[in-house]
Amino acid sequence: MKANPRAIAAKLVAKVAYSHRSLTQVLAEQNHVLSGENGSLIKAFCFGAIRFMPRWDAIMDAAMKRPIKKSEGELRALIAIGLYQLLESRIPSHAAISETVEATLVLKKKWAKGLVNALLRRIQREPEWCQNIIQSTPSAQYGFPQWLITRIKKDWPENWQDILISCNQQAPMTLRVNRLKNHRDNYLEKLQQANIEAETHEFAPDAIVLKQAVAVEKLPDFLEGYVSVQDAAPQLSADFLDLKPGHRVLDACAAPGGKTGHMLERCSSIECLALDIDQPRLDRVTENLNRLQLKAELIAADAADLKSWWDGKLFDRILLDAPCSGTGVIRRHPDIKLLRKEQDIDQLAKQQHILLKQLWSTLAPGGRLVYATCSILRDENEAQIERFLKQQSDAQLIPVDQLLAMEKNPSASILFSDSLPATLPTITGWQIAPGWMQMDGFYYAVMLKAEKS
């Protein structure tokens, strides 16, 4: 294929939007292309097209007397990339149009050259018409599937618009400094020496937020394990676990291993067992731990099937980073809008409930279980924990204000400051809103198991 970034991006977007492939997986398969001179541009086209695909679909269909069939996925993807350039990027209009039209030839769709040219020039010529289409439905306006808008609006009637807008923002690149090798302030100095602008995170004590994303190879001492890439919200799980030397700890659903590594960085003398149902994903845990020069016992098994992996010894701490809809990390993974279906939520909630019930039986009296998801849907979070607490008489929830006080988090007062926007209101657990303090949308519930009388 001729090296046309728009044509390459259209092929990748089509695999996600019309063949229901993960964007992360699709990009990983094209690493040899994305590492070239146009790599950043291709990725920008992919993310821009996918992030607002419901909007681009609405404009496309309104502009055509006969809507382009979904079987013409590459063509629809190319038009979406053209619309993204005209309406969301800083690329000059003439370049966006001419290069996108040229890409039809590279994709061997010469018959569509005039069609793409006419559509894009209409967008350029009739901005009011375009804006009317965008404002015609919430799906087009916010770039979300209607079922998900309805669900978020129901769960957060006072906050739903802010949530959708935040989910469409680009997330920052956040690092986690390895305490075993370096202090956060020292690593910040290393970044400054490497001309990488960054600042410490206000809430997560090991986190640094970069002004601009960079390739990990450019991060000082990355290969030596001094730092990892991880959003600040999941970093809080290590605080909430309250790890002590000698603790027997279970990291259920551990892949790709970011939280496993963080636990061991915080307290390397724990006895850590990391589980994941998928062996290839578990291999990524091994790779991450090897880079950090840390060790844990790794088992590929279904965490809910205790007979397949549990030796009967109780755990002092359990982290259940439960399988979920991923609706809190749409900023980083916009393909979730296209890949997730409404019927998935009930199935995920059932799976979460089974995992909670099964793993609770492996927790020692006086032990602590941290339940976490990267979801913003109540059925997976607050409603899930409320149901569990009603059924489990020996489970006691630690309120978030008490939890932060117990952890002696120096930034705990931030959560209750009137000068900062609040997280989403919950009675049970803690729901972090997407974008709040530069964090992904995350839910936490921390529970203690009653001592036997």
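Alanine 58 is in contact (heavy atoms within 4.5 Å) with Ile133 and Ala140, leaving aside its neighbours within four places in sequence. Alanine 58 and alanine 140 are 82 residues apart in sequence, yet 6.1 Å apart in space, C-alpha to C-alpha. Alanine 58 is found in helix 5 (residues 53-63). Helices (H or I, at least four residues) and strands (E, at least two) are DSSP runs, numbered from the N terminus. With a relative accessible area of 24%, alanine 58 is partly exposed. Buried means under 20% relative accessible area, exposed over 50%, and partly exposed in between (1.4 Å probe, protein chains only).

The model is predicted; local features need pLDDT of at least 70, side-chain atom pairs count only at pLDDT 80 or more, and totals for chains, interfaces and linings use all residues. Residues are numbered from 1 along each chain as its sequence is written, and side-chain values use heavy atoms, with hydrogens and water left out.

Arginine 76 lies in helix 6 (residues 73-88). Its relative accessible area is 1%, so arginine 76 is buried. The arginine 76 side chain reaches the backbone oxygen of isoleucine 68 at 2.6 Å. Beyond its neighbours within four places in sequence, arginine 76 is in contact with residues including Tyr18, Asp57, Asp61 and Ile68.

Most residues other than glycine have a negative phi, and most peptide bonds are trans. The peptide bond from alanine 255 to proline 256 is cis, with omega near 5°. Proline 256 sits in the loop between strand 5 (248-252) and helix 15 (258-266). Glutamine 293 has a positive phi, near 60°. Its loop joins helix 16 (279-292) and strand 7 (297-300). Glutamine 293 is exposed, at 57% relative accessibility. Methionine 437 has a positive phi as well, near 50°. This residue is in the loop between strand 11 (430-432) and strand 12 (442-449). Methionine 437 is buried, with a relative accessible area of 13%.

On the scale of the chain, the protein has 21 helices and 12 strands. The C-alpha trace spans about 80 × 50 × 50 Å along its principal axes. Buried residues make up 54% of the 453 residues.

Technical notes. Polar contact = N/O pair within 3.5 Å; in protein donor to acceptor, adjacent residues only side chain to side chain.
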